[in-house]
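Me: Got a structure I'd like to talk through with you. Can you take a look?

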Number of protein chains: 4
Amino acid sequence: MKLSEKKILKKKEEILLSAITIVNRKGYDGATMEEIAAELLMTKGSLYYYFKNKGDLMYQCHNLVLSQATKELEVNLNEEGTAEEILRKMVVTHINYAIEEKETFNLIIEPRQMFNEEQIEPVLKLRKHYSSLFDNVIEKGIATGEFHAKEPIIVRMIVLGAMNWIQQWYKPTGRMTKEELEQYFADYIIKLLK
Amino acid sequence: MKLSEKKILKKKEEILLSAITIVNRKGYDGATMEEIAAELLMTKGSLYYYFKNKGDLMYQCHNLVLSQATKELEVNLNEEGTAEEILRKMVVTHINYAIEEKETFNLIIEPRQMFNEEQIEPVLKLRKHYSSLFDNVIEKGIATGEFHAKEPIIVRMIVLGAMNWIQQWYKPTGRMTKEELEQYFADYIIKLLK
Amino acid sequence: MKLSEKKILKKKEEILLSAITIVNRKGYDGATMEEIAAELLMTKGSLYYYFKNKGDLMYQCHNLVLSQATKELEVNLNEEGTAEEILRKMVVTHINYAIEEKETFNLIIEPRQMFNEEQIEPVLKLRKHYSSLFDNVIEKGIATGEFHAKEPIIVRMIVLGAMNWIQQWYKPTGRMTKEELEQYFADYIIKLLK
Amino acid sequence: MKLSEKKILKKKEEILLSAITIVNRKGYDGATMEEIAAELLMTKGSLYYYFKNKGDLMYQCHNLVLSQATKELEVNLNEEGTAEEILRKMVVTHINYAIEEKETFNLIIEPRQMFNEEQIEPVLKLRKHYSSLFDNVIEKGIATGEFHAKEPIIVRMIVLGAMNWIQQWYKPTGRMTKEELEQYFADYIIKLLK
DNA sequence: AATGAATGAGGGTTCATTCAT
DNA sequence: TATGAATGAACCCTCATTCAT
């Protein structure tokens, strides 16, 4: 890769990070190209040098966040430990993303509404892969006898839904710390699987 | 109430139902006044005879759906039966709304992003009330010894989150029928509370 | 004239008075048919039974106020007294209208901008007639030797302009009472003519 | 100041001049953004690159004209000569604006009706300053003994009103030339002050 | 690689006007 | 006579997008 290409990639990421910030605050529709550019002391015209259009930028925001979360989850999965220990780590990872990256990590957003035809497939694939990591650990637990589940898929959906929902009501100033919350969630999730 | 007022109320509801359809399909931002009006063979100007502005209309869509769901839940709560029986009914009610009224029932939508200052308070109040109905049944079960929960609030959040999440992946053509799904969900939720 | 016609005329005047109030407060463009009707506990549709359209209503507002002022001025003119005494009375009359009926009496409003082709002629005629009443008294004074003026028309314009301007800065709570103001104005106007 | 800033300022002024033309012809309410843009062979969207909204543009039209007139008046004031000579020049300046810039120079327009809260204060300040320049010359004349006035403020108001009124009836094709008119007006105004 | 400037489509909103009842 | 309801044209404004420089 040439130096100039590297530079472009770096700039792209800068823009993405800025865009993610704005989108987390204002939502996909509420975020404007102008505002995203302003955050970086650029003009909106320049964004089009790096991204084809707004849809593309939004898509890559979602992708970046989701990919990062996926990577962390994969790290969790490959660490030593019982299925329960791994699952607990994954819960912490997911909840952190759900809280810190609100909108861009928001898996509830209807992709067919937000993204165009080319983008839908990769998004769905990524989401499916992300979900499957939870399936992995559940299956592993079942295999080792740690977990029991009549319908593991349903359990995974309950787990994901419950965790995504946190962003709706979590407040840093609330009664519980994030850590306590994660603890409780993990406990209940394990309970579902025992 | 005068006849004319009844008529206007009826028309308002007609519009709301139409708007709810559109919003469920396209989201709050994606829905246009023009499209909503067209669905009713009206012109968008006419909508302003019944609603102050788009924000007002969107707000009332959300309110209507949420109020209806609340009413059904309250009926469930007042019926005879054990806490478990009641909770199972409530789960069915909620899941039905989550699936059928996707966007307008979407409790995840950030109200501070979508609604204006006057609207936020009633929305939050309504949502809080809705959630509290689940608290009621959980507490009732704990009182009768049917349920056990160290942190009932957390359980309620897990329950709500899990159910709201369904709209994300449920497909009528899927492997399970809606009824089976409801059954499984209820089972797992009860398990959390035993 | 039939009774029903009389009734219509009476209602028309009611509407006009209401409209005049609104227009004085909000200006011709700022006044809406809805607001005018609301003041009378009517609906805007009803206004069209009495007036062809908004332009017509606005036109008649202006006409009514101007005609009333004209009548009062004519009364002044026909009273006994020296030209100076008459002119002083007319100044009082005019200033009262300028202050109390702000917008509708506003002779500065460009008629070609506000009124349509049919309306312009009568408006201009009325305004011209109104102005001529001041010419009358000035000429009368010149004839009796009370007044002197090289260009009586110019004087009349100065007089009218000065008086119309009052509405711009007059405040009921100001340093001078309306009566003092009228006194001073009259003094200076007489001075112009001596 | 950077070159780009200069350029933008120049364009802004171009737009303002165009807008002033339209407003003088159609009034503030009658002027549309579309028409203003069309005059410059632009699209209305482009206007929003230079002005926040229509209110802002209208406000700046008024401001520009009033500021220019103020500057000219100040030049008049600082020239050599007796108070009478200065006042005569000022009368000429004012009458020219009143005739040439009709609507935008129209000091009669009720600011509270036309402008928003932020704009009102500067407008009133500017108008007050403009008026005060006439006070200055009157006071100067009184100080030197050239003029006499029991209530100089009233005189100033008569003067301003009389001059603003001109735009109402002046026609280039009339009996008198603009110059004769200015001459007569000045004569009468001086007479008021002697 | 970035920008300034312009565009144009589209959306929300207002409001005078109409018309059946 | 009066109204309720609907219309549609006109307007302001936003914003993603383009393109010459």
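Reply: One definition to start: copies are superposed by least squares on the C-alpha atoms of residues with pLDDT of at least 70 in both. This is a predicted model, where local features need pLDDT of at least 70, side-chain atom pairs count only at pLDDT 80 or more, and totals for chains, interfaces and linings use all residues. Residues are numbered from 1 along each chain as its sequence is written, chains are lettered from A and ligands numbered from 1 in the order in which they are written, and side-chain values use heavy atoms, with hydrogens and water left out.

Me: OK, what rotation superposes chain B on chain A?
Reply: One of 179 degrees, with 0.0 Å of shift along its axis and an RMSD of 0.2 Å. That is the relation of a two-fold axis.

Me: Switching to rings. How many aromatic pairs are there over all chains?
Reply: The count is 27. Rings of Phe, Tyr and Trp (its six-membered ring) pair if their centres lie within 6.5 Å; planes under 30 degrees apart count as stacked, over 60 as edge-to-face and the rest as tilted.

Me: Why is the pair C:F105 and C:Y130 edge-to-face?
Reply: Because the planes are at 80 degrees, with the ring centres 5.9 Å apart. C:F105 lies in helix α6 (residues 102–105) of chain C and C:Y130 in helix α8 (residues 117–144) of chain C, so the pair ties together parts 25 residues apart in sequence. Helices here are DSSP runs (H or I, at least four residues), numbered from the N terminus.

Me: And what about C:Y130 and C:F134?
Reply: They form a tilted pair, 6.1 Å centre to centre with 55 degrees between the planes. Both lie in helix α8 of chain C, four residues apart, about one turn of the helix.

Me: Is C:F134 buried or exposed?
Reply: Buried, with a relative accessible area of 1%. The cut-offs are under 20% for buried, over 50% for exposed and partly exposed in between (1.4 Å probe, protein chains only).

Note on methods: Helices (H or I, at least four residues) and strands (E, at least two) are DSSP runs, numbered from the N terminus.
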